[in-house]
Amino acid sequence: MNQRTPNTTGNRFGKALRCAIVLLFAGLYMNATLALAQSPTWILIDTNTLTLTVHSSHNRLLASFHNVSIGSGGAATMRHVGDSTTPLGTFHVAWVNHRSPFGIFFGLDFPTASYGGRAYLLGLINKEDYDAILDASLSGNVPPQDTPLGGRIGIHGLGRGDPDVQRNINWTDGCIALANADMNRLAKWIRLGTLVVIQ
């Protein structure tokens, strides 16, 4: 009878890879913490109370916005294309579009390297997608927006949308939406690199 010897080299490599990814996530978390200390303001979005608050770098509350809408699929620790969920986590404003159908659009750096790493370990994306996400993160570029995790997640207004819809249901494909007047007010506190925490 022919018995196979367990592949201990592969197991060791897999464990080493997982450890390296965990250390990378820890480093990215430390970078986000340092960015918070250096940024003049940061944003907290509470998906349970549907509020958005603006805080100073010293955690002083600067503004509060209510009747915020999130994805029609709710909020999730891991999202993918088509589920209409708002991703939970720590992000940064990576681009601004002043001519979107929803008025001003503050695009987030979703998916982050941390998010991509977890998705890769769960088998939701392949190595090429993860490498592209990681490369973008390390080079400070906008991550790929066309992986199975989706993209184009941001904070925006209603544009010509119905304000009654905004007040009554979560309607977005995963973004965070505010009334147009609130969005115009919020815009003065946001710039490229602003930290956005979605919980």
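Contact here means heavy atoms within 4.5 Å. Keep that in mind as you move around this predicted model.

**Stop 1: Pro148**

Select Pro148, in the loop between α3 and β8 (154–156). Leaving aside residues up to four places away in sequence, Pro148 touches His80, Val81, Leu124, Ile125 and Asp129. Now show the C-alpha atoms of Pro148 and Ile125: they are 23 residues apart along the chain, yet separated by 6.4 Å.

**Stop 2: Arg152**

Stay in the loop between α3 and β8 and pick Arg152. Its phi is positive, about 55°, although Arg152 is not a glycine. Most residues other than glycine have a negative phi. Arg152 has a relative accessible area of 55%, and because exposed means over 50%, Arg152 is exposed.

**Stop 3: two helices**

Next, colour helix α2 (residues 113–121) and helix α3 (residues 127–139). Two packed helices are described by the angle between their axes and the distance between the axes. Here the axes come within 9 Å and cross at roughly 165°. Angles over 145 degrees count as roughly antiparallel, and α2 and α3 are therefore roughly antiparallel to each other. Their crossing is left-handed.

Show the side chains where they meet: Ala113, Gly116, Gly117 and Tyr120 from α2 are in contact with Lys127, Tyr130, Ile133, Leu134 and Ser137 from α3. That set of residues divides into 5 nonpolar, 3 polar and 1 charged.

Which residues of α2 are buried? They are Ala113, Tyr115, Gly116, Gly117 and Ala119. After α2 comes Gly123, with a positive phi near 80°.

**Stop 4: a cis bond and another positive phi**

Step back to the loop between β7 (103–108) and α2, where you will find Pro111. The peptide bond from Phe110 to Pro111 is cis, with omega near 0°. Then jump to Asn59, in the loop between β2 (51–56) and β3 (61–65). Asn59 is not a glycine, but its phi is positive at about 65°.

**Stop 5: the core**

Finish with the largest nonpolar core, which has 32 residues. Select Leu52, Ile155, Leu178 and Leu186, the residues with the most contacts inside this core. Centre on Leu186: not counting residues up to four places away in sequence, Leu186 touches Ile43, Leu52, Val54, Phe65, Ile155 and Leu178. In soluble globular proteins, nonpolar side chains tend to be buried together.

Note on methods: Residues are numbered from 1 along each chain as its sequence is written. This is a predicted model: local features need pLDDT of at least 70, side-chain atom pairs count only at pLDDT 80 or more; totals for chains, interfaces and linings use all residues. Side-chain values use heavy atoms; hydrogens and water are left out. Buried means under 20% relative accessible area, exposed over 50%, partly exposed in between (1.4 Å probe, protein chains only). Helices (H or I, at least four residues) and strands (E, at least two) are DSSP runs, numbered from the N terminus. Axes are lines fitted to C-alpha atoms, for helices over the stretch in contact, and angles run from 0 to 180 degrees between N-to-C directions. Angles under 35 degrees count as roughly parallel, over 145 as roughly antiparallel, 65 to 115 as roughly perpendicular and the rest as oblique. A crossing is left-handed if the near helix is turned anticlockwise from the far one by less than a right angle, and right-handed if clockwise. Ala, Val, Leu, Ile, Met, Phe, Trp, Tyr, Cys and Pro count as nonpolar, Asp, Glu, Lys and Arg as charged, and the others, Gly among them, as polar. A nonpolar core is a set of buried Ala, Val, Leu, Ile, Met, Phe, Trp, Tyr and Cys residues joined through side-chain atoms within 4.5 Å.
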